[in-house]
Each structure stands twice: as structure tokens, then as C-alpha cells.
Amino acid sequence: MTDIAAVMANARIPFREYGITAVDSYCGFSMNKPIKFFLVEGGIVDLARNFETLGYPSLPYADASLDAATAGFEARFLCVDDIGRKNIGALALSDFRRNPSDGHYFDPQGTYSVLKNRQFTIELREGENILFETAAYLSRLQPASKTPARALPLPDSVSATWQRDLLSLILQGPNSAASFELLKESGFVKAYWPDLDALLLVDHAKDCHPEGGGWSHTMEALGYRKSPDLTLSLALLLHDIGKPHSEASEGHRFDKHAEIGARIAARFLRSLGFDEKIIGDACFMIRWHMLPAGLPRIPLSTVSDIILDSRFVDLLELFRCDEFSSFKGPDGYYASCAAYKAFMRNSRNPYRDQDGRKKAQIFSRL
């Protein structure tokens with residue numbers, strides 16, 4: 001993997017981490033992020049000389065980019081004539097910077113006071129990127145004041161990369177639900193992510209889902225994550241996306257919604273340009289997210305290929321978030337985990353089959 005900071009330092013290109021990347025570092029959020037933002041003094045030509053796979057995404061916040069295959073994360077570069085320049089983003093907080101070589105922070109617009117309290121000020125400015133930046137920071141910080149979401153202007157048009165970056169950034173923050181609520185109230189979700197907007201049409205039975213309908217349940221589930229893993233977070237966000245398109249059948253109110261949802265999720269993620277491995281792993285969890293609930297009651301040998309899949313542990317974590325968001329308590333989750341552990345133990349036991357039954361023994365007389 002390429003060390004982007006080392007390459008730019010060796011090439012004597014002045015640069016800083018900026019905006020959400022610098023904020024994540026300052027606030028102590030995990031630095032293992034899918035996207036990092038760099039402010040670079042100079043032109044694209046300087047970057048192109050040092051990075052063979054440089055791309056040109058035509059984004060309002062990036063003149064050049066590198067994909068994850070190069071550095072292990074996606075890099076976005078904003079080129080300026082003066083690295084000390086102010087007003088590089090829509091919000092004052094986007095001017096916040098960090099020098100990776102010495103760890104020093106730079107605060108041209110005086111945002112330390114609110115950052116110390118994990119807050120930021122929502123600003124009603126003009127600009128095509130105001131909604132993007134506000135939603136990204138809202139997933140990490142608390143707004144210092146209440147601002148109606150409808151007052152934030154929608155962008156006229158946005159690329160797939162812009163949408164993928166926004167979705168990835170939101171899901172990497174601990175307060176993802178607040179950002180999605182902002183995007184919903186602003187009209188962005190309805191305009192650009194109608195498959196997500198359709199969750200508002202899902203009316204759950206209150207005895208099973210006292211937290212509310214499809215949208216409310218999904219937002220609640222995101223709050224139970226132990227870590228902001230991108231693939232798990234995408235699966236959680238989309239795990240019930242098939243419900244608006246399913247029908248009741250034989251006592252199942254949302255029959256086959258997991259299968260339908262996996263197909264819709266694959267189409268949605270592919271349209272935004274997500275990596276095929278991320279799509280495959282997320283859709284595996286969406287397709288089988290109803291299975292863990294049945295583990296204590298079914299012969300596990302009938303689904304052994306799914307249980308033995310390396311992604312099944314992540315599927316159990318999705319099930320935990322799904323269960324706890326419905327306020328059912330931990331008993332169902334713990335029972336499923338116990339069944340899974342017993343299956344794995346029996347799979348390694350030469351004297352029992354995968355369901356725990358003793359294997360027939362054949363003895364030969366000497």
C-alpha cells in the first residue's frame with residue numbers, strides 16, 4: 001500500500017489533512033476510515049507526477065483522488081495556491097486542519113471552542129456542498145443550535161461518487177441516524193435515494209416493533225452498532241429495504257423481504273460505485289438476516305454452508321442490532337449465539353454430527 005503522506009512529504013508538496021479527516025483525529029474517532037481528505041498546495045500536475053493512478057472525480061471538494069487499492073482508503077485532494085487559505089469549504093469547520101508529520105492542528109476560523117464540546121455550528125450559507133458537509137459533521141458532533149433541515153439547499157445534481165462519499169462518511173460516525181434524519185427532512189433522501197425513502201411506507205405492528213415503522217426501526221438499529229464498520233453499517237441501513245416491495249403470505253407479513261432486499265441493495269450500492277466485495281458481503285447479511293433468529297429451533301446441518309461462511313459472525317452482529325432496536329431484550333440473541341457455538345463445537349467433534357447427535361460407531365473384533 002502507498003503511504004500518501006510520505007510520498008507528498010518526500011516530493012516536498014505542502015499538504016494538510018482537512019475537514020472531516022482532521023476533525024476525526026482531533027475528536028479521537030477511529031482513523032481507520034474509508035475516505036481521507038487532503039488539502040494540497042500546488043496543482044494537479046504535482047500530484048500526477050507522484051501518483052500513477054491519480055483520478056479526476058470533478059467533485060466540489062476534490063480536484064483529484066486515489067482509490068482504495070492504492071492506499072487502503074480512498075483519498076480526496078483539494079488543490080489550492082496557498083495552504084493557509086481560508087474558506088475552503090461550505091462550513092467554517094471544514095477549514096480545520098492537521099499536519100500528519102507533527103500532529104499539530106490549525107484552526108483558521110476559530111472552531112476549537114465548539115469542537116472541545118463535540119459541537120459545531122450549522123451555518124445557512126449558499127453553496128452546492130452545504131448539505132454534504134452539514135450531514136457529515138452531524139454524524140460526529142452535536143449541533144450547537146437547532147436549524148430546520150428544509151432551510152438547507154439541495155444540490156442541483158450530484159454524482160455517484162459524491163453520494164458514495166456522503167453515505168460512507170455518515171455511516172462512519174456514531175450519530176448516523178441524526179444525519180439521515182437531516183437528509184430526509186431536507187428532501188434529499190426522497191430525491192436521490194428513493195429505495196431508502198420507501199422505508200417510510202413500512203408500517204410495523206407495534207407489539208413487534210414498538211420503536212416505529214421501517215424508517216424508525218432502521219435508524220434505531222444503527223444506534224446499537226459497537227463499531228462503525230462500513231460493510232456492517234451498509235447492511236444494517238439496507239436490511240429491511242425489501243419490505244416495501246414484499247407481500248403478506250402464509251402468516252408472513254413481509255414474505256421474502258430479505259431476498260427482495262438483497263437484490264435492491266445490490267442495485268443501489270452498485271449504482272453508487274461501491275466495491276464489489278463490500279456489495280457481496282453486505283448483501284449476504286441482508287439476504288440471511290432473518291436466519292439467526294431460527295438457530296435455536298432448526299437442524300443447523302440444513303444451513304451449515306451459511307453458518308460456516310466467514311461472514312456469519314458479522315451476520316450475528318447485525319442480528320444483535322436488529323433485535324435490540326426492537327426492545328426485545330437480549331434473550332433471543334444469546335440463544336442464537338449459544339446455538340451457533342454448539343454447532344461450531346460439534347463440527348470439530350469427531351464423535352458427533354453438526355446437530356450434536358452421536359455418530360454411529362462401528363467396532364471390529366480383533
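I start with a working definition: a residue is buried when its relative accessible area is under 20%. I am looking at a predicted model, so every entry here describes a prediction.

**Entry 1: helix α14**

I used that cut-off on α14, which covers residues 276-287. In this helix I found I278, I279, D281, A282, C283, F284, M285 and I286 buried. I then looked up what lies over them: the cover includes α12 (230-238), α13 (257-271), α15 (304-307) and α16 (312-325). I also checked the length of α14, and its 12 residues reach 16 Å from the first C-alpha to the last, close to the 16 Å expected at 1.5 Å a residue.

**Entry 2: the whole chain**

I stepped back for the overall picture. The protein has 17 helices and 10 strands. Its C-alpha atoms fill a box of roughly 85 × 55 × 35 Å along the principal axes. Of the 366 residues, 52% count as buried. I also looked at contacts between residues at least 6 apart in sequence, and 63% of these join residues at least 24 apart.

**Entry 3: the sheet**

In what order do the 6 strands of the open sheet run? I read it as β3-β4-β2-β1-β5-β6, and the pairing is mixed. The edges are β3 (64-66) and β6 (105-106), each of which pairs on one side only.

Strand β2 (residues 35-41) and strand β4 (residues 74-80) run parallel and are joined by 7 bridges. For E41, I found the bridge partner in β4 to be V80.

Next I asked what lies across the sheet strands. Helix α2 (residues 20-27) lies across β1 (15-18), β2, β5 (97-98) and β6, and it runs at about 70 degrees to β1.

Is G19 buried or exposed? Its relative accessible area is 3%, so G19 is buried. Leaving aside neighbours within four places in sequence, I list L93, S94, F96 and Y137 as the residues in contact with G19. I also looked up G19 against K36: they are 17 residues apart along the chain, and their C-alpha atoms are separated by 9.3 Å.

I took the α7 and α8 pair to begin with. Helix α7 (residues 160-171) packs against helix α8 (residues 176-186) at an angle of about 140 degrees, and the axes are 8 Å apart. I call α7 oblique to α8 because of that angle. On the α7 side the contact is made by L166, L167, I170 and L171, and on the α8 side by S176, S179, F180 and L183. I sorted these residues by class and got 6 nonpolar, 2 polar and no charged.

Then I turned to α8 with helix α11 (residues 214-222). Their axes come within 8 Å and cross at roughly 150 degrees. This crossing makes α8 roughly antiparallel to α11, because angles over 145 degrees count that way. From α8 the contact uses S176, A177, F180, E181 and K184, and from α11 it uses W215, M219 and L222. By class, I have 5 nonpolar, 1 polar and 2 charged residues in the contact of α8 with α11.

I noted that S176 and F180 of α8 are listed in the contact with α7 and also in the contact with α11.

**Entry 4: Q163 in α7**

I went back to α7 for Q163, which lies in that helix. Which side of the cut-off is Q163 on, buried or exposed? At 9% relative accessibility, Q163 counts as buried. Apart from neighbours within four places in sequence, Q163 is in contact with V158, Y192, W193 and L272.

**Entry 5: two positive phi values**

S58 is not a glycine, yet its phi is positive, at about 55 degrees. I placed S58 in the loop between α3 (44-50) and β3. With a relative accessible area of 70%, S58 is exposed.

R118 also has a positive phi, near 55 degrees, in a residue other than glycine. I found R118 in the loop between α5 (112-115) and β7 (119-120). Its relative accessible area is 33%, so R118 is partly exposed.

Key. Residues numbered from 1 in each chain as written. Predicted model: local features only at pLDDT ≥ 70, side-chain atom pairs only at ≥ 80, totals over all residues. Heavy atoms only, no water. Pairing = 2+ DSSP bridges. Helix = DSSP H or I, 4+ residues; strand = E, 2+ residues; numbered from the N terminus. Contact = heavy atoms within 4.5 Å. Axes fitted to C-alpha atoms, helices over the stretch in contact; angles between N-to-C directions. Buried < 20%, exposed > 50% of the residue type's maximum accessible area, 1.4 Å probe, protein only. Parallel < 35°, antiparallel > 145°, perpendicular 65-115°, else oblique. Nonpolar A, V, L, I, M, F, W, Y, C, P; charged D, E, K, R; others polar. Expected span 1.5 Å × (residues − 1).
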